[in-house]
Each structure stands twice: as structure tokens, then as C-alpha cells.
Amino acid sequence: MSFAGAANTDAPHHTALPPPTTSSTRNAAQGYANPEGSGWVGMTTGREACGVVVDLIKSRKFSGRALLLVGAPGTGKTALALGVAQELGIKVPFCPMVGSEVYSAEVKKTEVLAEVFRRAIGLRIKETKEVYEGEVTELTPTEAENPLSGYGKTVSHVIVGLKTVKGTKQLRLDPSIYESILKEKVVVGDVVYIEANTGAVKRVGRSDTYASAFDLESETYVPLPKGDVHKHKSLVQDVTLGDLDAANARPSGSGSDIMSVFSSLSKSSRTEVTEKLRKEVNKVVKGYVDQGVAEVVPGVVFIDEVHMLDIECFTYLNTLLESAMAPTVILATNRGMSTVRGTDDIVAAHGVPGDLLDRCLIVRTTPPSPGELQRVLALRAQVEGIKLGEGVLPLLAERGGAGSEGIGGGSLRYALQLLTPLSILAGLAGRSTVEVEDVQNIGEMFLSSGKSVSGVKA
């Protein structure tokens, strides 16, 4: 998803796509957004503004600030927030929430905000492991007399032969590793992976040299590993600070070993994390960053309907924005002048206190023009495989506009929702193409918000 746009989508023969509308020639290389591309139609000003914000974030000059998206419902505020997150990178955490989510009976409002912020800060842990990898050519357990009793024998060690493309190696392993081999049901001919430090054994699959000519098999065949049997592998694990907080709130191992945290990540219970614990986690993370073992990846927090937060949450938001490890914050609202929730006499723009507004770069989103409406509807019909007859697109775009010919209360979402019912209506009439009469009939069945209200006014 590129803010500078990409190549236009080719139209099929059965749906005529209207040409993109643009008032002047704009060059994406000069920082302007293409009128259409990468799933975007129109919204050029908002996309250009968000492109500048992305550059600020990448140059680390956006700390302590937030992006506020202001516009009517259905004008693309959430789409712009997703676009910013995608431009920052594939593995960047994106944590969306709605303002009303903070009102929970389980935890405090400020705790909900803190959890979201912590989940939006990623930690990329790089680890180099010493491993043995190859196809099992020999698996011989060696037994000895049980030293604890005179009855029976016990496995003293196990001899494992491993083969790769480059060579072979015979290993003398501990009995505990032999137990892991039995649990994995490893036999001669399997490709295995043994960690030298922990003794963990993983069966990768069956060597493809044993592949048979059957069409259907339950076995997974893998090629013979390349390189030496004994090698060092670099592994990368992605986790968030929120995961580390939750895991340390119910520790199952030593707090100094970060790998002991991962075993408890799968356990789910709502626990309120204290500020003292978060500081301890930050201290450990800072140590790993200083050692070069880990890298902090700031993500994106998207708070929709931000006017639903109250004055306490806004005050806490200011504190979170000033923290050393703060993610990128994107706020969205569809309100104008509004009373700040939790107060009786503070009326502010968009329902957000002035001290937080001063930290925000405000971007306005506008409804699509009639030409952009037609373009979006045509692309959606193309994706859903719906054939539109002559005159259908302008009529649908008219219904998607606000207040056209007494329809009133129309929106892009309303027009898009009519496409599938229109195809069903045309199918009932024995046609594969949606015609103008279908649009007229569907308008009587499913009303826009403006038309529905007009019939029930007191």
C-alpha cells in the first residue's frame, strides 16, 4: 500500500471503469500522491500528508507527537492509519482500539491504554544457536547395568549418525536426549535438528531419498541438509513488551533469563501489571539492546473515536507520549466542537483537550467526489464479479452522495452494500447484468439513513 500510488488496475471487458479524476498533473516522484493506485482512489491530500508523517517517523523526528485524522464516517481514516503502519514495515506491530474500550470493569482505564501502548512496541530478539542437523544414518542406544539396583539395565548413552550433503558425523549423546528422540518418533532416514545447548530434538521430516511413488502419503519429505552437520544458526524471534509484561506478571522461571518468559506466553489470564514490573522489564530489555541481542521496533497505536476518552485518559495519553519508548500514535474522530468527556464545561475541538491537540498534526479526510465514487464502485464490482449495465454506476454514485435528489443521508458504504443485493435481484429476474431498474427497486427495499429518518420524524 503506497501513498505515492502504483500502477492502475486494468478493467475487465464487462465493466467500464471511469477514468481517474485529477485537477492537475502530479508526479509521485516529487512527493505527490497518484490519484489511484495500490488500492487507493482519491484522498490525495490526506495520503500526501501521511506520507510526510511516515518520513518524520522514519527519521525519528515524530517523538512526543501524534497524528489526528478528522473526517466524516466512511472517508478513509482507518485506511490511512493502516497505510502508515504498512509503510513503516511488515513486522511493525499495529494495535487498533476504539475509545470506548477503556471502560472495563476488570482493569483501570489508564491500565487499558498502557497495555495497548506496550503491545505496540515490538522487540526483535536475535539469537545464535549451536545445532546438529542431518539425516539419521545410525541410532544405537548403549545399555549398562543399573547402578541403583541389580535388576535390569538402563541406557548409558546413544550413538547417533547424521549425514548432510557435505559429510557425516557420529555423535555420542546423553540418555535424556534419547528420550526426546523417542518422543519425536525418530527412525533411521529421518532428518532431525538437535540443539547443542538444550538438547532439544525436532524431527523435520523424512529424507526425500526415501520418497516412494505413491500419489497420496501422510509423510513429509524434505531434502538432505546442506553444509556441515555441526553448524551455527541465527534465529530471530519477534515479541512485544506487552507479552513480556504479561509473562513476568506470572513468572515460571528465573526473571533474568528472557527465554524463560516464552513458556508462559500461551497462558491467558487478565492480570493488571504494575508500573514497577514494567520498569524491571524495561531494564532487562535495555540490557539486551545494549548487548546487541535485541532490537526495539516501535509500532503504531490507532485509537478510533478518540472523543470517547475522558479527561483522565487524555491526561495519561500526554504522559505516555512523553515516555522514552513510545510508539507512533494515530487518533481519529468524526466530531467537531464537542464537550470533553468527563467534564461539564470544557468544550474543545473534536472533543480533545487543547494540551493534547497542541501535540497533534491534524489531517482532514473528505468524502469522495462523484467521479471517485464511480471509480470505487466499479472496482468493487470488478472484485466481486458483478456486471453493471449502462447507467448503473452514475445512479449508484448518486445514492452514495449526500442529499442528491432528495435521497439524503447517502454514503459510500451504503452504495457499496447495495452491490451484492443488486446482483441477487438481477439473478432473480433472469439476468446476469445489473440494470437501472434493479437500482430503483433496491432503493425501495434498503433505505439510506436520511431517507429512513424522513419517514419516522415526529
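Contact here means heavy atoms within 4.5 Å. The model is predicted.

**Helix H1 against helix H2**

By that criterion, Gly46, Arg47, Cys50, Val54, Ile57 and Lys58 of H1 meet Leu80, Val84, Glu87 and Leu88 of H2. The contact of H1 with H2 counts 6 nonpolar, 1 polar and 3 charged residues. The two axes come within 10 Å and cross at roughly 35 degrees. The crossing of H1 past H2 is right-handed.

Two packed helices are described by the angle between their axes and the distance between the axes. The table gives both for each pair.

| Pair | Axis angle | Axis distance |
|---|---|---|
| H1 and H2 (residues 77-88) | roughly 35 degrees | within 10 Å |
| H3 (residues 109-119) and H8 (residues 311-321) | about 35 degrees | 10 Å |
| H11 (residues 392-400) and H14 (residues 436-445) | about 20 degrees | 9 Å |

**Helix H3 against helix H8**

H3 and H8 pack at an angle of about 35 degrees, with axes 10 Å apart. H3 passes H8 in a right-handed crossing. On the H3 side, the contact is made by Lys109, Thr110, Leu113, Ala114 and Phe117. H8 supplies Glu312, Cys313, Tyr316, Leu317 and Leu320. Sorted by class, this contact holds 7 nonpolar, 1 polar and 2 charged residues.

**Helix H11 against helix H14**

H11 and H14 pack at about 20 degrees, with their axes 9 Å apart. That angle makes H11 roughly parallel to H14, because angles under 35 degrees count as roughly parallel. The crossing of H11 past H14 is right-handed. Val392, Leu395, Leu396 and Arg399 make the contact from H11. Their partners in H14 are Val436, Val439, Gln440 and Gly443. The class count for H11 with H14 is 5 nonpolar, 2 polar and 1 charged residues.

**The second largest pocket**

Rolling a probe the size of a water molecule over the atoms shows where empty space is left. The second largest pocket has a volume of about 600 Å³. Its lining has 24 residues, and the closest to its centre are Ile57, Arg60, Pro298, Ala326 and Thr328.

Which elements give two or more residues to the lining? They are helix H1 (44-58), strand S12 (294-298) and strand S14 (328-333). S12 provides the largest share, 4 residues. By class, the lining has 15 nonpolar, 4 polar and 5 charged residues.

Conventions
Residues are numbered from 1 along each chain as its sequence is written. This is a predicted model: local features need pLDDT of at least 70, side-chain atom pairs count only at pLDDT 80 or more; totals for chains, interfaces and linings use all residues. Side-chain values use heavy atoms; hydrogens and water are left out. Axes are lines fitted to C-alpha atoms, for helices over the stretch in contact, and angles run from 0 to 180 degrees between N-to-C directions. Angles under 35 degrees count as roughly parallel, over 145 as roughly antiparallel, 65 to 115 as roughly perpendicular and the rest as oblique. A crossing is left-handed if the near helix is turned anticlockwise from the far one by less than a right angle, and right-handed if clockwise. Ala, Val, Leu, Ile, Met, Phe, Trp, Tyr, Cys and Pro count as nonpolar, Asp, Glu, Lys and Arg as charged, and the others, Gly among them, as polar. On a 1 Å grid over the protein atoms alone, a cavity is a set of points where a 1.4 Å probe fits but cannot get out, and a pocket is an open set with protein on both sides within 12 Å along at least five of seven lines; lining residues have an atom within 4 Å of a point. Grid points are joined across faces, edges and corners, and a volume is the space filled by probe spheres set on the points.
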